Amino acid sequence: MKLITDKKIILASESPRRKELFSSLGIPFEVQPSGVVEELEGVYDPEQMAIAIADLKATEVFRKNPDAIVIAADTTVRIGKALLSKPTSNAQAKKFMKLLSGKVHNVITGVTILGPGISIAFAESTLVKFYELSNKEIDAYVESGDPLDKAGGYGIQTMGGLFVEKIQGDYNNVVGLPISRLYRTLVTLEVIEFEKEKSK
Ligand SMILES: Cc1cn([C@H]2C[C@H](O)[C@@H](COP(=O)(O)OP(=O)(O)OP(=O)(O)O)O2)c(=O)[nH]c1=O
């Protein structure tokens with residue numbers, strides 16, 4: 001299958017994982033990180049919050065590129081009533097790991113698509129269950145430096161994947177971009193289409 005587009009597409013993200021996942025569509029795109037400070041006032045549920053932050057990122061880049069289709073995302077981890085974004089220190093990353101140990105959490109990614117006449121957002125949620133973690137393995141994992149650029153303080157695609165007992169939902173959503181749902185949405189919006197096979 002080959003996908004094509006006649007639009008200028010911008011992924012408003014500095015995340016290498018998002019870039020890699022978006023590349024799987026096989027269409028040309030540019031990367032322009034938004035530089036937005038991810039802070040929001042007010043009370044939001046996790047889905048609303050992930051979408052609101054994705055909106056901020058997409059809006060900032062769309063303002064500078066009003067002819068483009070701009071796609072932004074935000075990932076957050078919810079456990080009980082707590083929302084875990086990226087840990088700001090190793091000490092906080094250890095706290096996050098202790099909270100997640102032996103429990104089920106949600107990984108929620110909000111996605112916003114903006115373009116001329118297009119404004120769409122959705123949130124995708126994946127359930128992840130961690131095994132019970134020992135203090136030794138938490139310390140060893142956190143000292144590796146892996147948690148600091150990742151929501152919830154772990155990477156399912158890196159050694160954090162060793163802690164995962166079960167997952168229910170889209171794996172790529174945990175990595176940071178629900179690419180299958182995004183692909184479907186872009187097809188529905190006619191931003192991307194299938195290249196017709198040339199008749200022989
Ligand atoms: C839970 C989890 C998150 N992550 C990453 C995905 C995101 O890059 C990051 C969540 O932070 P975000 O704030 O969503 O994204 P970002 O700051 O990295 O990039 P940008 O805002 O420019 O798009 O956590 C993993 O790589 N693996 C995981 O298992």
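Biologist: Which residues have the most contacts inside the largest nonpolar core?

Modeller: Those with the most contacts are Ala12, Ala54, Ala58, Val70, Ile71 and Ala72, in a core of 48 residues. A nonpolar core here is a set of buried Ala, Val, Leu, Ile, Met, Phe, Trp, Tyr and Cys residues joined through C-beta atoms within 7 Å. A residue is buried if 20 or more other C-beta atoms lie within 10 Å of its own, exposed if 12 or fewer, and partly exposed in between, with C-beta atoms placed from the backbone.

Biologist: And which helix gives the largest share of this core?

Modeller: Helix α2 (residues 46-64) does, with eight residues. Helices (H or I, at least four residues) and strands (E, at least two) are DSSP runs, numbered from the N terminus.

Biologist: What should I know about the model and its numbering?

Modeller: This is a predicted model, in which local features need pLDDT of at least 70 and side-chain atom pairs count only at pLDDT 80 or more, while totals for chains, interfaces and linings use all residues. Residues are numbered from 1 along each chain as its sequence is written.

Biologist: Changing topic: what does UniProt list for "active site"?

Modeller: The unreviewed UniProt entry lists Asp74 under that heading. UniProt positions are given in the numbering used here, feature names are shortened, and annotations may be inferred rather than shown by experiment.

Biologist: Where is Asp74, and is this residue buried or exposed?

Modeller: Asp74 is in strand β4. The residue counts as buried because 27 other C-beta atoms lie within 10 Å. Beyond its neighbours within four places in sequence, Asp74 is in contact with Glu38, Ala50, Ile53, Ala54, Lys57, Thr109 and Gly110.

Biologist: Which residues come nearest to the ligand?

Modeller: Ser13, Glu14, Ser15, Ile156 and Gly176 come nearest, of the 26 residues around the ligand. A residue is near a molecule or strand if its C-beta atom, placed from the backbone, lies within 6 Å of it.

Biologist: Which element supplies the largest share of that shell?

Modeller: The largest share comes from β4, with four residues. At least two residues of the shell come from each of α1 (16-23), β4 (69-79) and α5 (171-175). By class, the shell has nine nonpolar, eight polar and nine charged residues. For these classes, Ala, Val, Leu, Ile, Met, Phe, Trp, Tyr, Cys and Pro count as nonpolar, Asp, Glu, Lys and Arg as charged, and the others, Gly among them, as polar.

Biologist: Since α1 came up, which of its residues are buried?

Modeller: Arg18, Leu21 and Phe22 are buried in α1. Seen down the axis of α1, they fall within an arc of 100 degrees, so they line one face of the helix. The arc is that of the directions from the helix axis to the C-beta atoms. The buried residues of α1 pack against β2 (9-11), β4, α5 and α6. Pro16 and Ser23, on the other side of α1, are exposed.

Biologist: What about helix α3: which residues are buried there?

Modeller: In α3 (residues 90-100), the buried residues are Ala93, Phe96, Met97 and Leu100. Down the axis of α3 they span an arc within 100 degrees, so they line one face of the helix. They pack against β4, β5 (82-84), β6 (104-115), β7 (118-130) and α4 (135-143). The face turned away carries the exposed residues Ala91 and Lys98.

Biologist: You mentioned α4. Which of its residues are buried?

Modeller: Ile138, Tyr141 and Val142 are buried in α4. They cover an arc of only 95 degrees around the axis, which puts them on the same side of α4. What covers them includes α3. Lys136, Ala140 and Glu143 are exposed on the other side of α4.

Biologist: Last one: where is Glu190?

Modeller: Glu190 is in the loop between α6 (179-188) and β9 (193-194). Its phi is near 60 degrees, a positive value in a residue other than glycine. Glu190 counts as exposed because it has 10 C-beta neighbours inside 10 Å.

Key
Two residues are in contact if their C-beta atoms, placed from the backbone, lie within 7 Å.
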